[in-house]
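Visitor: Could you walk me through this one while I have it on screen?
Guide: Gladly; ask whatever comes to mind.

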Amino acid sequence: MRPPSSNWLKEIEVFRNRDSDDSYNIPIYPWLAPPLHPKIRSLIERWGVEKEVPANAPVLGHINERVDKLVLVKSGVTARNFGSACSVERPSAFSVPGRLACGNLNFFSQRPCIGSYYALVPSIVISIPQSLLFKVCEQDPQMLLLCATEFELINLSDRLGFGAHSRLGVEDRLLAYFLTWSVAFGREELVEGEPWVVFPTPLRGIALQSVVSCSAAALERALGNLKQDGHYVTDNDSARIRLSVLEPIHKWIRNNEEKSSNWRRHRLHQILHETQPSK
């Protein structure tokens, strides 16, 4: 994606707190893991090593370096994708501040991740050796259960992304991406009495095309349709989309969750109001 402005980078440094420390109550969305649990995040921030990662550079130092660290995004946007170096600039999912860039997938097995992890824009990450947290887990069964649950949520997010790629058309996949970005950064505003979601301009160009998994022409056509119908408006570093356009995709996610589960997903309107931005 093209180089972002300093104002845009500052906007996406502000992430939403979890409204609950209970992992069970955290909703998940395609291609973006939920904010990491405060206990794990504070441990990484306290013991980890912080470094700056230029755009398109691997978060681990080398594209083929062994994934043996947990890496937390402090600022910027990182990407993860299936495969090795040849997959760079073709992200299948992304991470923003407060989320893990990598290290969760093979935490217990230590198997190869079969993935590449790199920065989409200039980013700052914090990393700790997986072995350090694993030692904590060996001594603390509650931390072990917490890590297993949190890492499972990330896998479920990736599964939703796979489902979107498999079951939805290009325009609906684009709306699913906008839904995810809205939950991460959006705020509801009334425009002429109608609810819209306002957020920092989402990923664009090849990064957006790759997450949505479509050709450049198909992406341009889908974006053009949304803009022509007056559903999506961009203005330099910010954009907005009608809340009503996102509701069917949110309903699609709800309908695909097992009805026998005790879990009940809140309405999108409620989710946008129940979390607050935090540094």
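Visitor: Leaving aside neighbours within four places in sequence, which residues is Val49 in contact with?
Guide: Apart from those neighbours, Val49 is in contact with Val125, Ile126 and Ser127, where contact means heavy atoms within 4.5 Å. Please keep in mind that this is a predicted model, in which local features need pLDDT of at least 70 and side-chain atom pairs count only at pLDDT 80 or more, while totals for chains, interfaces and linings use all residues. Residues are numbered from 1 along each chain as its sequence is written, and side-chain values use heavy atoms, with hydrogens and water left out.

Visitor: Where does Val49 lie, and does it count as buried or exposed?
Guide: Val49 lies in strand 2 (residues 49–53); helices (H or I, at least four residues) and strands (E, at least two) are DSSP runs numbered from the N terminus. Val49 counts as exposed because its relative accessibility is 56%, given that buried means under 20% relative accessible area, exposed over 50% and partly exposed in between, with a 1.4 Å probe and protein chains only.

Visitor: How far apart are Val49 and Ile128?
Guide: They are 79 residues apart in sequence, and 6.6 Å apart in space from C-alpha to C-alpha.

Visitor: Switching to rings, how many aromatic pairs are there?
Guide: A search of the whole structure finds 12; rings of Phe, Tyr and Trp (its six-membered ring) pair if their centres lie within 6.5 Å, and planes under 30 degrees apart count as stacked, over 60 as edge-to-face and the rest as tilted. Trp8 and Trp181 form a stacked pair, 6.5 Å centre to centre with 15 degrees between the planes. This pair links distant parts of the chain, since Trp8 is in helix 1 (residues 6–12) and Trp181 in helix 5 (residues 170–185), 173 residues apart.

Visitor: And Trp8 and Trp181, buried or exposed?
Guide: Both Trp8 and Trp181 are buried.

Visitor: Why is the Phe108 and Phe134 pair called edge-to-face?
Guide: Because the planes of Phe108 and Phe134 are at 65 degrees, with the ring centres 6.4 Å apart. Phe108 is partly exposed, with a relative accessible area of 42%, and Phe134 also counts as partly exposed, at 29% relative accessibility.

Visitor: Last topic: what is the strand order in the open sheet of 3 strands?
Guide: The order is 5-4-7, with antiparallel pairing, and two strands pair if DSSP finds at least two bridges between them. Strand 5 (93–95) and strand 7 are the edge strands, each pairing on one side only. Strand 4 (residues 78–82) is joined to strand 7 by 5 bridges, and Asn81 has Ser116 as its bridge partner in strand 7.
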